[in-house]
Amino acid sequence: MAEDNDSSQEKTEDPTARKQEKAREEGQIPRSRELTTTFILLAGTIGLIIFGSYMTSKLAGMTSYNFDLSREVIFDTEAMVHHFTASLYHGMMSVMPVFGLLFVASIAGPIALGGWMISAKSMAPKASRMDPLAGLKRMFALKALMELAKALGKVLLIMSVAVLLLAIQQQDILRLSDQEAVTAIKNSVWLSAIGAVALAAVTIAIAMIDIPFQIWDNQQKLKMSLQEVKDESKDTEGKPEVKSRIRQLQREMAQRRMMSEVPKADVVITNPTHYAVALKYDPDNMATPVLLAKGGDQTAMKIREIARAHKIEIMESPVLARAIYHTTDLDQEIPADLYMAVAQVLAYVFQIRNYRRGRGERPSYPRNIKVPRDMQFD
């Protein structure tokens with residue numbers, strides 16, 4: 001029932017990026033046959049104009065070679081084979097430049113709209129294509145009617161242009177029979193080029209109408225219902241409870257990594273109960289102290305436990321502990337405004353270490369650690 005309800009919903013939403021990517025993988029992209037036809041006709045026209053003289057000379061030479069025969073060649077049984085082979089070669093060479101352009105155009109036409117794509121899914125057989133009811137539905141769909149209208153329009157336009165060209169060039173065409181072979185070939189190529197230009201101009205007009213329709217039609221096919229958009233969002237981003245669980249696991253992993261850094265700290269500054277921050281400072285390798293760990297309540301208590309277990313100095317300074325907790329991220333240097341306050345703490349830590357090793361006098365505990373007013377937090 002749910003599937004029926006989803007399928008009956010009106011598809012009013014624009015396709016998402018994932019929907020468009022999936023459609024492209026399945027070969028569902030806009031294509032215009034009219035654009036491909038236009039490319040081919042234009043390539044053929046350009047080829048005739050550019051290579052017309054080359055083709056003419058080749059064909060003229062081939063004609064002269066086959067019809068201007070000496071007596072010895074006529075009675076030579078092997079001469080016709082040589083003539084056929086040579087004519088075939090020269091004939092292919094004469095049209096090869098134009099065929100090359102046509103080949104490029106046949107590839108460039110489809111790529112111009114939709115881009116280059118080879119999809120195995122689009123070539124795979126589908127049972128739905130063999131469904132007669134679905135076939136009838138496609139026959140009377142808007143796209144089918146549009147294709148029929150385009151076909152009729154193309155036929156009428158091309159026929160009209162062809163008749164108009166024949167009427168305009170009638171005398172020139174009839175005069176070809178009275179001309180010498182070379183001249184007739186040159187003129188026929190030129191007349192063909194003019195006809196190809198006219199037909200290409202017609203197909204350009206048709207393609208300019210067809211391209212926006214194909215893009216619009218493809219966009220309509222990819223339209224989604226509101227429920228489909230919601231379902232895709234769930235599939236992409238995951239269900240809320242799953243995302244919540246993932247975030248929880250990520251926090252736990254990050255906390256474990258943070259706790260593993262506490263034994264490397266030089267000092268842990270506490271609130272004394274609600275906050276705890278662990279600092280590391282190596283004068284030889286660090287410009288300023290770095291925050292290795294921080295936390296509140298249970299996390300703060302865990303930081304203190306690890307510090308005691310590894311005999312790391314723990315100092316109480318509520319204002320400084322809160323200032324570092326709220327202004328510094330993990331693995332980041334402390335702010336410049338806290339340099340003096342932290343320097344007092346680290347000086348005491350390094351001096352107490354030396355005292356315990358029997359070097360120097362016992363330092364006095366820093367009671368009055370000054371923190372700038374704008375760095376104080378409640």
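In this predicted model, Asp331 counts as exposed, at 53% relative accessibility. The cut-off for this class is a relative accessible area over 50%, so Asp331 falls within the exposed class. The residue is placed in the loop between α13 (318-327) and α14 (339-356).

Lys311 belongs to the loop between α12 (298-309) and β4. With a relative accessibility of 77%, Lys311 counts as exposed.

Strand β4, on one side of that loop, covers residues 313-316 and includes Ile314. The relative accessible area of Ile314 is 26%, and the residue is therefore classed as partly exposed, a class that lies between the limits of 20% for buried and 50% for exposed residues. When residues up to four places away in sequence are not counted, Ile314 touches Val268, Thr270, Arg304, Ala307 and Arg308.

For the chain as a whole, the secondary structure comes to 14 helices and four strands. The chain has 378 residues, of which 29% count as buried. Among contacts in the chain with a separation of 6 or more, 75% are accounted for by residues 24 or more positions apart.

Two of the helices, α3 (residues 33-67) and α5 (residues 79-112), have axes that come within 8 Å of each other. These axes cross at roughly 170°. Angles over 145 degrees count as roughly antiparallel, and α3 is therefore roughly antiparallel to α5. The contact of α3 with α5 is made up of 22 nonpolar residues, 12 polar residues and one charged residue.

A further helix, α9, spans residues 181-221 and contains Ile185. Ile185 has a relative accessible area of 18% and is buried, because the limit for this class is under 20%. Apart from neighbours within four places in sequence, Ile185 is in contact with Thr56, Leu59, Ala60 and Thr63. Helix α3 runs over residues 33-67, and the contacts of Ile185 with Thr56, Leu59, Ala60 and Thr63 fall in that range. The C-alpha atoms of Ile185 and Ser53 are separated by 9.8 Å, and the two residues are 132 residues apart along the chain.

The second largest pocket holds about 300 Å³ of space. Its lining consists of 12 residues, and those that lie nearest the centre of the pocket are Arg18, Lys19, Lys22, Met224 and Glu232. Two or more residues of the lining are given by each of the elements α2 (17-25) and α10 (226-237). By residue type, the lining of the second largest pocket divides into eight charged, three nonpolar and one polar.

Conventions. Residues numbered from 1 in each chain as written. Predicted model: local features only at pLDDT ≥ 70, side-chain atom pairs only at ≥ 80, totals over all residues. Heavy atoms only, no water. Axes fitted to C-alpha atoms, helices over the stretch in contact; angles between N-to-C directions. Parallel < 35°, antiparallel > 145°, perpendicular 65-115°, else oblique. Nonpolar A, V, L, I, M, F, W, Y, C, P; charged D, E, K, R; others polar. Buried < 20%, exposed > 50% of the residue type's maximum accessible area, 1.4 Å probe, protein only. Contact = heavy atoms within 4.5 Å. 1 Å grid on protein atoms, 1.4 Å probe; cavity = no way out; pocket = protein on both sides within 12 Å on 5 of 7 lines; lining within 4 Å. Points joined across faces, edges and corners; volume = space filled by probe spheres on them.
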